[in-house]
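Thanks for coming, everyone. I have one structure to walk you through today. Please take a moment to look at it before I start.

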Amino acid sequence: MRFVIIGAGRVGLRTARVLREEGHDVVIVEYNANKAKRARTDGFEVVEGDGSRESILEQAGLESADAVGGLTGDLNVNFAACMVGKHNGCRTVLRIDEDYREDIYRKFASDVDEVVYPERLGAIGAKNALLGGNIRAIADIAQNLQVVELTITEESPMRGYSISELELPANSRILAFGKEDETMGIPLPDDSLERGDRVAVLADFSVLEDVRRILVGDNSRATAEAGGV
């Protein structure tokens with residue numbers, strides 16, 4: 001796949017590197033000459049210029065791109081680049097750096113395919129390290145909702161039971177299920193819960209601890225109370 005990344009700063013360059021490592025074609029658009037030089041030194045094709053301008057994005061081959069990522073520190077540039085990308089049929093990803101507020105998300109979310117907040121994603125990574133191996137935060141859906149992946153332990157009260165027998169708190173839902181070392185998929189009523197199996201759950205922060213106790217057990221060193229950001 002072909003991607004156009006706007007911004008060769010910390011977020012943009014790291015994203016470009018990951019995409020390249022996975023075999024994708026990446027072009028970077030960068031206004032700052034020093035950052036552009038650094039990206040070229042790193043082996044990337046770089047178009048120097050204002051990423052909010054359609055003419056610059058055309059130089060980057062936007063018409064043949066699968067997706068465009070507005071990943072600079074300037075929200076206005078990012079949004080303009082995404083709008084041009086959307087006009088060209090690209091998937092659009094918008095970076096915001098404002099303090100996470102629901103009104104900012106709602107303002108832009110309807111116009112782009114995805115809104116990313118790097119600092120919050122970084123917080124999820126740190127949180128996973130703190131939580132330990134039996135519970136892993138996947139995504140913060142809203143200020144009070146999170147998707148978590150829990151691993152069934154030997155001490156789990158539900159070990160040996162089926163999905164149909166699992167009763168979770170009202171403010172939580174099972175999204176996916178996977179046997180140990182297998183890809184997660186749609187949970188089926190007769191899937192049995194055994195040690196090492198994984199369950200993805202959407203839950204309100206207020207019931208995460210209850211969900212953890214039910215699926216992981218009280219002896220786990222990880223506590224879902226650490227999941228609140």
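A word on naming comes before anything else. When I say helix, I mean a DSSP run of H or I with at least four residues, and the numbering starts from the N terminus. One more caution: this is a predicted model.

Let's take the whole chain. The protein chain holds seven helices and 10 strands. It has 229 residues, and 48% of them are buried. The accessible surface comes to about 11900 Å². Carbon and sulfur atoms account for 46% of that surface. Now the contacts. Take those in the protein chain with a separation of 6 or more: 52% of them join residues 24 or more positions apart.

Next, the sheet. In what order do the six strands of the open sheet run? The order is S3-S2-S1-S4-S5-S6. The pairing is parallel. Look at the two edges. Strand S3, residues 45-48, sits at one, and strand S6, residues 114-116, at the other. Each of these edge strands pairs on one side only. From one strand to the next, the twist averages 20°.

Strand S5 covers residues 91-95. S5 and S6 pair in the parallel sense, over three bridges. Find Leu94 here: Leu94 stands opposite Val115 in S6.

Now the helices on this sheet. Helix H2, residues 33-41, packs on the sheet and touches S2 and S3. The direction of H2 makes about 165° with that of S3. Then there is helix H1, residues 10-21.

On to charges. Side chains of opposite charge can pair when their charged atoms come close. How many salt bridges does the count come to? The count comes to 11.

Start with Asp42 and Arg20. Their side chains meet in a salt bridge, 3.8 Å from N to O. This pair links distant parts of the chain. Asp42 is in the loop between H2 and S3, while Arg20 is in helix H1. They are 22 residues apart. Is Asp42 buried or partly exposed? Buried means under 20% relative accessible area. Asp42 has 24%, so Asp42 counts as partly exposed. Arg20 has 33%, so Arg20 is partly exposed.

Now jump to helix H7, residues 208-215. Glu209 and Arg213 both lie in H7. They are four residues apart, about one turn of the helix. Glu209 forms a salt bridge with Arg213, and the closest N and O atoms are 3.3 Å apart. How do the two partners sit? Glu209 is buried, because its relative accessible area is 12%. Arg213 has 36%, so Arg213 is partly exposed.

Arg213 has another partner, Asp210. Those side chains meet in a salt bridge, 3.4 Å from N to O. Arg213 and Asp210 both lie in helix H7, three residues apart, about one turn of the helix. Asp210 is partly exposed, with a relative accessible area of 36%.

Which residues are linked in a network of salt bridges here? They are Glu209, Asp210, Arg212 and Arg213.

How values were computed: Residues are numbered from 1 along each chain as its sequence is written. This is a predicted model: local features need pLDDT of at least 70, side-chain atom pairs count only at pLDDT 80 or more; totals for chains, interfaces and linings use all residues. Side-chain values use heavy atoms; hydrogens and water are left out. Two strands pair if DSSP finds at least two bridges between them. Axes are lines fitted to C-alpha atoms, for helices over the stretch in contact, and angles run from 0 to 180 degrees between N-to-C directions. Contact means heavy atoms within 4.5 Å. Buried means under 20% relative accessible area, exposed over 50%, partly exposed in between (1.4 Å probe, protein chains only). Accessible areas come from the Shrake-Rupley method with a 1.4 Å probe; for residues, only the protein chains shown count as cover. A salt bridge is a side-chain nitrogen of Lys or Arg within 4 Å of a carboxyl oxygen of Asp or Glu.
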